[in-house]
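I opened the model to look up a few backbone details and then the contact between the chains. My entries follow.

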Amino acid sequence: MSAEPSDQNELLFLIDTAYNRVSWHGTNLRGSIRGVSPRQAAWRPGRGRHNIWELVVHAAYWKYVAWRRLTSSTRGSFPLDGSNWFVRPQQITLQAWRADVALLERMHRTLRDAVADLEPRDLDRKPLKGKTTRRALVTGVAAHDFYHAGQIQLLKRLAPR
Amino acid sequence: MSPHVEAIADEFARYKALGEAAIAQLSDEELVVTASDGGNSIITIVWHLAGNLESRFTDFRTSDGEKPWRDRDDEFVLRNVTKTALLEKWERGWGALLAAVGQLSDPDLLQTVTIRRQQLRIDQALQRSLAHTAYHIGQIVFLAKQIRSGGWQCLSIPLGGSAAHNVRGADESAKAHARMLESHSIQPPPTTRSSS
């Protein structure tokens with residue numbers, strides 16, 4: 001089956017349901033952090049374990065990586081120094097928490113725009129220096145959101161209110 | 001395999017391998033532990049996930065995905081089973097999924113299946129299932145890590161290992177991740193009922 005324009009809509013639908021569009025399976029990533037306070041977001045279930053805040057920034061980072069690979073872009077960089085996991089919070093304030101949620105939102109929008117701009121014929125091709133097709137890359141980043149949404153739901157249950 | 005089917009099948013393989021690598025690190029006694037009052041144990045999550053997969057993907061294209069023999073509520077009943085029994089349940093669910101997906105090619109994805117008496121395109125049914133699966137595997141890994149605490153063997157890039165990982169230019173495809181997890185010799189703690 002050659003890729004058709006509707007394929008792109010399906011990919012957009014997939015990343016949106018993983019992030020912020022009503023999802024059949026239950027809570028998506030954006031839904032999982034709705035109403036979470038900075039203190040809840042900063043709470044760790046144990047020494048060396050990630051908190052909700054770090055999962056949010058980690059998800060933002062991998063949306064950035066997916067965008068970069070999709071577009072084979074050599075321009076732009078992730079706004080934070082480092083990669084993959086980022087120690088959070090620097091300060092437990094509403095402003096700092098909102099800034100990182102906004103970062104996640106921005107990375108999702110940027111990725112979404114890149115998916116919308118893809119040529120349908122390129123979906124099943126690998127980007128330059130890529131090891132997977134663009135379709136696989138987008139499917140993977142959506143599943144990554146679902147994976148961490150499930151974890152955030154548990155962290156909320158455990159975190160003291 | 002067709003590229004569209006392959007993209008989805010590889011993600012399923014990644015999450016299957018993640019779940020198995022997490023479960024492998026736990027003893028029988030640890031599988032029944034819950035992280036909070038009223039929370040689900042790994043056994044409960046596996047029972048639900050495997051029950052869902054077995055129902056959805058048995059006779060995937062010819063019968064409703066919600067089978068009359070499935071008892072969803074029973075999947076959430078507290079139970080204590082050995083790891084061997086748990087993995088049998090796990091394999092029944094995943095076996096149904098893998099067999100069904102293995103028979104698909106890209107043109108099939110535009111055909112429909114029925115789930116709870118509603119028609120759904122096959123690609124959409126697979127995406128729904130992937131969402132549900134990744135969500136619960138995330139919880140299984142979280143709980144396993146919580147239970148094992150310091151003895152946890154990392155399933156992805158370890159904390160502090162990102163720079164080295166980036167320099168190596170590692171293959172981060174779902175297929176490569178699944179292969180890496182399967183090749184790990186992850187061991188459970190020394191005292192387990194299933195090891196005897």
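I looked up the exposure of A:Asn84 and found it partly exposed, because 19 C-beta neighbours lie inside 10 Å. The cut-offs I used are 20 or more other C-beta atoms within 10 Å of the residue's own for buried, 12 or fewer for exposed, and partly exposed in between, with C-beta atoms placed from the backbone. A:Asn84 has phi near 65 degrees, a positive value in a residue other than glycine. I placed A:Asn84 in the loop between H4 and H5 of chain A.

This is a predicted model, in which local features need pLDDT of at least 70, side-chain atom pairs count only at pLDDT 80 or more, and totals for chains, interfaces and linings use all residues. Residues are numbered from 1 along each chain as its sequence is written, and chains are lettered from A and ligands numbered from 1 in the order in which they are written.

I then checked A:Pro89, which is found in the loop between helix H4 (52-71) and helix H5 (94-117) of chain A. Helices (H or I, at least four residues) are DSSP runs numbered from the N terminus. The peptide bond from A:Arg88 to A:Pro89 is cis, with omega near 0 degrees.

In chain B I noted B:Asp59, whose phi is near 50 degrees, again positive in a residue other than glycine. B:Asp59 lies in the loop between helix H3 (42-57) and helix H4 (72-75) of chain B. B:Asp59 is exposed, with 12 other C-beta atoms within 10 Å.

Last, I looked up the contact (C-beta atoms, placed from the backbone, within 7 Å). Chain A puts in 32 residues and chain B 35 residues. H6(A) gives the most to the side of chain A that touches chain B, with 14 residues.

Definitions and conventions:
Contact = placed C-beta atoms within 7 Å. Helix = DSSP H or I, 4+ residues; strand = E, 2+ residues; numbered from the N terminus.
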